[in-house]
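Please open the model in a viewer and keep the selection panel at hand.

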Amino acid sequence: MYVLLTGSPHSGATLTLLDAEGAPAGPARTVSPGDLAAVCAEYEATHAPRWVWSDATQWYPQLLRAGVTLARCVDLRLGHAVLAHSPAVPAGAFFVAADSPWPRTDPALEPDVPEDLVTLFDAVDRRGDFEPAEVFSEFSRQRAALATAVAADPIAGSRLRLLLAAESGGALIAAEIYARGLPWSAAEHDRILTRELGPRPRFGGRPERLEELAVVIRAELDAPTLNPDSPQEVLRALNRAGIAVASTSKWLLKDIKHPVIEPLLRYKSLSRLLTANGWTWLDTWVRDGRYRPEYVVAGTATGRWATSAGGAMQLPAQIRAAVRSDPGWTLVVADAAQLEPRIIAGMSRDEAMAAAGAGKDLYQGLVDAGVVPTRAQAKLAMLGALYGATGGESGALMPRLRRAFPRSIELVESAARAGERGRSVSTWLGRASPVPEPEWFEFQRRAGQVDGSEAERRRAGTLARDWGRFSRNFIAQGTAAEWALCWMAGLRTRLAAMDPDPVARPHLVYFLHDEVVVHAPVRRAAEVAAAIEEAASEAGRLLFGRFPLDFPLSVAIVERYDEAK
């Protein structure tokens, strides 16, 4: 049973019951904003439906504020973005008109742009209210496209169905994490900042520690007016001092022997803390003992989550002690070990790599199998395979990986070759990667002509390799995101079964790619830890069936987030 929810939570909604085939099963019901939460709670209790709406972000937060939690939904915005490009959907089965009212993502993505900075909303024109006919039509079109995909290829179609369900489940989880919030001690955060930076400046300006370091930096570089917050000024001062570097990146500076390097790197680190998570961030994002992450589900090209603001995807270790459980509660923190290499093993059906990581650290498993001498080399080699390293020690280790795990390496190499030709690749469940802009293909064509210049050919080769690296990483990172969605969805179901009272039950409060944090009553901690493990195993089975693949977790029951590491 489905319930189609249209209109607006603020101006009035229309609820329409649909049967299992997606056809109307009764007259529509108009509901005022004041009655919406109670009516939805009634439908949830009596029908246990799958709610169908244009966008969970437009509906679910208001229901959560009224204390109404829903079990399942169909988020048509997220489904549209997947179906519009998925290779599992036969050509013509999901036509997207140029004037379609539904949000569409631009399939182009520059490969040199960090993926976590490219959000779904860079190219989306979001609408608020949709007419009931528009929502029903889109729901019917998506169901028809999925049915066509299953008929054309039952395996690929079933995977695509799982992806759409996982995406919609993720939409509910993201809204619930925001509503419940991550428990946060503002007092502890302030103590951390004061310890690291000095007292909070009363009238702005640099905190004490930064000012002290600025004085040292100016003296070491003989630059009395230097502004250490200006990379351009610092770079010029470094060059004048005989330190020939192309940028102020810490990776370029850290190996240079000069008395200015240590205070300069320290300044950069503290400055990042102040800018990203200083007192202004604390004032803005922490209220009533909670930090509320604003997640964007499928906010990146691979389907990984992003954030619209607040920096939830990069909470530095320096401030994690501020994340503290409430009295009588605890934090259960879990992260998956070497997730992306395991995903590649599952996608390629590489039993040798799966066996190397069975029940243990995968990198150490490579050492035990005699592939490489040390764990550090194993990690370097595997990262090189995932990110396309061709030089240095990582590139030198690739032949060993190729001999030991030919199926896994061929999978990523094949994806890289497709990317170098500007072709789309796909995650395990059917999300398509972006392809280059038309200008990219035109440049490649020009450079390949007989009269093309050597400089153009070199540039074309560089651009092709960039897309190859993006594509090889896309299949691993995107499928890992799908596993994580299934993991969280299974965990959410298990947590809901622990207590009928949403306020008293354990709940997800934070997510970071391959890591989850659950806020749980102390008496439930062991039960939650077991549920996290069970959900991880279930996610592996959902994606890879009976293939013998482990997803080991590191699970910690702690009072403070920083204690989990």
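**Salt bridges and a helix pair**

Begin with E208 and R209, whose side chains form a salt bridge with an N to O distance of 2.8 Å. The model is a predicted one. Colour the pair by accessibility: E208 is partly exposed, at a relative accessible area of 40%, and R209 is likewise partly exposed, at 29%.

Next, select R206, E211, R218 and D229, which a network of salt bridges links.

Move on to R290 and D326, where a salt bridge joins the side chains at 2.5 Å, N to O. R290 belongs to strand 8 (residues 290-291), while D326 sits in the loop between strand 10 (306-309) and strand 11 (329-336), so this pair ties together parts 36 residues apart in sequence. R290 is buried, with a relative accessible area of 15%, whereas D326 is partly exposed, with 25%.

Now select E167 and R431, a salt bridge whose closest N and O atoms are 3.1 Å apart. E167 is in helix 5 (residues 154-180) and R431 in the loop between helix 17 (406-420) and helix 18 (438-447); the pair therefore ties together parts 264 residues apart in sequence. Both E167 and R431 are buried. The count for the model comes to 31 salt bridges.

Finally, display helix 1 (residues 36-47) and helix 2 (residues 56-65), which pack at an angle of about 95 degrees with axes 9 Å apart. Helix 1 is therefore roughly perpendicular to helix 2. At their contact, L36, A37 and C40 of helix 1 meet W59, Q62 and L63 of helix 2. The residues of this contact comprise five nonpolar, one polar and no charged.

Notes
Residues are numbered from 1 along each chain as its sequence is written. This is a predicted model: local features need pLDDT of at least 70, side-chain atom pairs count only at pLDDT 80 or more; totals for chains, interfaces and linings use all residues. Side-chain values use heavy atoms; hydrogens and water are left out. Axes are lines fitted to C-alpha atoms, for helices over the stretch in contact, and angles run from 0 to 180 degrees between N-to-C directions. Helices (H or I, at least four residues) and strands (E, at least two) are DSSP runs, numbered from the N terminus. Angles under 35 degrees count as roughly parallel, over 145 as roughly antiparallel, 65 to 115 as roughly perpendicular and the rest as oblique. Contact means heavy atoms within 4.5 Å. Ala, Val, Leu, Ile, Met, Phe, Trp, Tyr, Cys and Pro count as nonpolar, Asp, Glu, Lys and Arg as charged, and the others, Gly among them, as polar. A salt bridge is a side-chain nitrogen of Lys or Arg within 4 Å of a carboxyl oxygen of Asp or Glu. Buried means under 20% relative accessible area, exposed over 50%, partly exposed in between (1.4 Å probe, protein chains only).
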